[in-house]
Amino acid sequence: MHSLPIDLLAALPEGTGPVAELWWQRLSDADRQQIVGLWDERLEVRFFTPQPDATGCLDDWNQVPVVEGGRVLSDDDDGQNEWGPSYFERLLQHPELVLAY
């Protein structure tokens, strides 16, 4: 991880690559690793970040719980238990509604 990550480099203004590369080379390995971790775009779409275990290994992103509406959803919960009954009751009460797929 000694060269500047491509996705980070792509986000910089045109012509600033050489300066950014020089700055990157002057960082310690720990600082580079921290920046790469913070740049991970999955942090924007997940509520939790992978946590290290006792040995320092991080969880995989597929182990991070999914959060929707401020609630952690289990793997088998798609939310239908909450909204499904009232949704289908409304459909039965309003036969004029047409569902088009």
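**Contacts, helices and accessibility in a predicted chain**

Student: What share of the contacts in the protein chain between residues at least 6 apart in sequence joins residues at least 24 apart?

Tutor: The share is 16%, where a contact means heavy atoms within 4.5 Å. The model is predicted, so local features need pLDDT of at least 70 and side-chain atom pairs count only at pLDDT 80 or more, whereas totals for chains, interfaces and linings use all residues. Residues are numbered from 1 along each chain as its sequence is written, and side-chain values use heavy atoms, with hydrogens and water left out.

Student: How many helices and strands make up the secondary structure of the protein chain?

Tutor: There are 5 helices and 2 strands, in the order α-α-α-α-β-β-α from the N terminus. Both are DSSP runs numbered from the N terminus (helices: H or I, at least four residues; strands: E, at least two).

Student: Why are H2 and H3 called oblique to each other?

Tutor: The axes of helix H2 (residues 17–26) and helix H3 (residues 29–39) cross at roughly 125 degrees and come within 8 Å. Axes are lines fitted to C-alpha atoms, for helices over the stretch in contact, with angles from 0 to 180 degrees between N-to-C directions. Angles under 35 degrees count as roughly parallel, over 145 as roughly antiparallel, 65 to 115 as roughly perpendicular and the rest as oblique; H2 and H3 are therefore oblique. Trp 23, Trp 24 and Gln 25 in H2 meet Arg 32, Ile 35 and Val 36 in H3.

Student: What makes the meeting of the Arg 32 and Asp 29 side chains a salt bridge?

Tutor: The N to O distance is 2.7 Å, and the rule asks for a side-chain nitrogen of Lys or Arg within 4 Å of a carboxyl oxygen of Asp or Glu. By this rule the count comes to 1 salt bridge. Arg 32 and Asp 29 are 3 residues apart in helix H3, which means a separation of about one helical turn.

Student: How do you know whether Arg 32 counts as buried or exposed?

Tutor: Buried means under 20% relative accessible area, exposed over 50%, and partly exposed in between (1.4 Å probe, protein chains only). Arg 32 has 4% relative accessibility and therefore counts as buried. Of the 101 residues of the protein chain, 16% count as buried.

Student: Why does Leu 9 not count as buried?

Tutor: Its relative accessible area is 32%, so Leu 9 is partly exposed. Leu 9 lies in helix H1 (residues 6–10). Leaving aside neighbours within four places in sequence, Leu 9 is in contact with Leu 4, Gly 17 and Glu 21.

Student: What class does Trp 83 fall into at 41% relative accessibility?

Tutor: At that value Trp 83 counts as partly exposed; this residue is found in helix H5 (residues 80–93).
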